[in-house]
Amino acid sequence: MPHTVTTRSLLASAVALASAAVLTAPAHAEGPKRLDVASTFSTQNFLGAGAEHLSKELETATGGAVSLRVHEPGDLVPPFEVFNSVSSGAVQAGWDWIGYWAGTVPITNLYGALPFGPSPEAFMSWMWAGEGTELLQKAYDPYGVKVLPCFISPQETGGWYNKEIKSPEDFKGLSMRISGLGAKVLNKLGASTQLVPGNEIYLALERGRVDATEFSVPQVDAAMGFDEVAKYYYFPGWHQSASWFSLLINQQVWDQYSDERKAQFETACRSTLQWAMAEAPPAQVRAIHKLEEKGVQVKRFPDSVIQALQDAWVEVRQEEMQQNPAFAEAYKSLMKHVRLIDEWYKLQALPAPEPVKDTDSDGTSGSEGDA
């Protein structure tokens, strides 16, 4: 069969050539005015849209001098090859969920999906006011990748299931799409786990390749259509208290930018982080209400299940800290930072206010305390 040159291959070749040209540019150059970004998520959902929001913020911060061209998953390279492609210079930049690279950089398990971890607010504080970004960058330095943690999603859900989970024994023999440390926890309880790319999860559930899946927050899950192929939606998201997403830039490309330009990237990054944290929480509750209207059964895991998961996590955590010194260093740093935040909020804790009844503009009764 004769070789056929596809549009995708031409695009990938063009980007690779452009990247190569950038990598060999003089050291005094100001850096590329537009970065081609290989995204691991579709821009049609909240996770991928974060990269496009970052591009707008970057254009504002730089007065239009720099922007991002965000490519859909697979347009330049397969989603799970983004990190290696940025590292090699095959693509200039990538947009990712940090936990995807745990096979290469084990410390990313902590940033992507830490079971029974701190709140997004506490995690964000450690990332930008503690050692979080410094430790992550140190782990990426050997690969020639600059990392900018720019986006955080709130605590994820416990996942979609085709059967009820009434006890820890219900995980035995269960086939589930889940990644990172959460997968190791479920393996302890007898589940069979696998990592399936986001764009393949629906078919995997529909065709019985997996019995259950976790992917993201309700806003994203609803857009993926999981309610069409699974009946039960479980909470809480014990396996992923906060999920970090980042802009990856080839280090040689990053080094071409001036200190002022680098600061503008970080300004745009922090602005995108603020947008994500403000937009996400109320949107999740609205999404859950719509899913319930469509017949989805929203449930909480029984206390016995939560306890079994937590016990298994203690085992997994101990193993990770023994096997990966970088993980142990980051985990201890994170927990030390979180203790400071917890102490502050405990001192400031107030009783929950009584809901105040009012009348909405449409004449219906509501309350300020309702979610």
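Contact here means heavy atoms within 4.5 Å, and the model in these close-ups is a predicted one.

**Figure 1. Phe 265 and its contacts in the nonpolar core.** Not counting residues up to four places away in sequence, Phe 265 touches Leu 35, Leu 58, Val 66, Leu 148, Leu 247, Ile 249, Trp 254 and Tyr 257. It belongs to the largest nonpolar core, a set of 109 residues. Phe 265 is one of the residues with the most contacts inside that core, along with Trp 95, Leu 110, Tyr 140, Tyr 161, Phe 171 and Leu 247. Helix H11 (residues 259-293) gives the most to this core, putting in 9 residues. As a rule, nonpolar side chains in soluble globular proteins tend to be buried together.

**Figure 2. The open five-stranded sheet.** Take the 5 strands in the order S2-S1-S3-S10-S4 and you have an open sheet with mixed pairing. Strand S2 (67-71) and strand S4 (145-153) stand at the edges; each has a single partner strand, so one side of each is left without a neighbour in the sheet. On average, neighbouring strands here are turned by 25 degrees against each other, direction ignored. Zoom in on strand S3 (residues 93-97) and strand S10 (residues 243-250), and you find an antiparallel pair joined by 5 bridges. Within that pair, Gly 94 stands opposite Leu 248 in S10.

**Figure 3. Helices H5 and H6 against the sheet.** Helix H5 (residues 120-129) packs on the sheet and touches S4 and S10, with its direction at about 160 degrees to that of S4. Helix H6 (residues 132-140) lies across S4 and S10 as well, running at about 135 degrees to S4. How many of the residues of H6 are buried? The count is 7 of the 9, so H6 is largely enclosed by the rest of the structure. The buried ones are Gly 132, Thr 133, Leu 135, Leu 136, Gln 137, Ala 139 and Tyr 140. Tyr 140 turns up again among the residues with the most contacts inside the largest nonpolar core.

Figure 4. Thr 213 sits in strand S8 (residues 212-213). Is Thr 213 buried or exposed? Its relative accessible area is 0%, so Thr 213 counts as buried. Setting aside neighbours within four places in sequence, Thr 213 is in contact with Gly 159, Trp 160, Met 176, Arg 177, Ile 201 and Leu 205. Arg 177, one of those contacts, also meets Glu 214 in a side-chain salt bridge (2.9 Å, N to O). Because Arg 177 lies in strand S6 and Glu 214 in the loop between S8 and helix H9 (218-224), the pair ties together parts that are 37 residues apart in sequence. Both partners are buried: Arg 177 has a relative accessible area of 2%, and Glu 214 comes in at 1%.

Figure 5. The side chains of Lys 299 and Glu 164 meet in a salt bridge (3.4 Å, N to O). That pair links distant parts of the chain, with Lys 299 in strand S11 and Glu 164 in the loop between strand S5 (159-161) and strand S6 (175-177), 135 residues apart. Lys 299 is partly exposed at 24% relative accessible area, and Glu 164 is partly exposed too, at 29%. Arg 300 is also found in S11 (residues 297-300). At 60% relative accessibility, Arg 300 counts as exposed. Leaving out neighbours within four places in sequence, Arg 300 is in contact with Tyr 234, Phe 235 and Pro 236. Arg 300 and Ile 165 are 9.3 Å apart in space, C-alpha to C-alpha, despite lying 135 residues apart in sequence.

Figure 6. Lys 294 forms a salt bridge with Asp 227, and their closest N and O atoms are 3.1 Å apart. Lys 294 lies in the loop between H11 and S11, and Asp 227 in the loop between H9 and strand S9 (232-235), so the pair ties together parts that are 67 residues apart in sequence. Elsewhere, Lys 188, Glu 315 and Glu 319 are linked in a network of salt bridges. The salt bridges in the model come to 9.

How values were computed:
Residues are numbered from 1 along each chain as its sequence is written. This is a predicted model: local features need pLDDT of at least 70, side-chain atom pairs count only at pLDDT 80 or more; totals for chains, interfaces and linings use all residues. Side-chain values use heavy atoms; hydrogens and water are left out. Helices (H or I, at least four residues) and strands (E, at least two) are DSSP runs, numbered from the N terminus. Buried means under 20% relative accessible area, exposed over 50%, partly exposed in between (1.4 Å probe, protein chains only). Two strands pair if DSSP finds at least two bridges between them. Axes are lines fitted to C-alpha atoms, for helices over the stretch in contact, and angles run from 0 to 180 degrees between N-to-C directions. A nonpolar core is a set of buried Ala, Val, Leu, Ile, Met, Phe, Trp, Tyr and Cys residues joined through side-chain atoms within 4.5 Å. A salt bridge is a side-chain nitrogen of Lys or Arg within 4 Å of a carboxyl oxygen of Asp or Glu.
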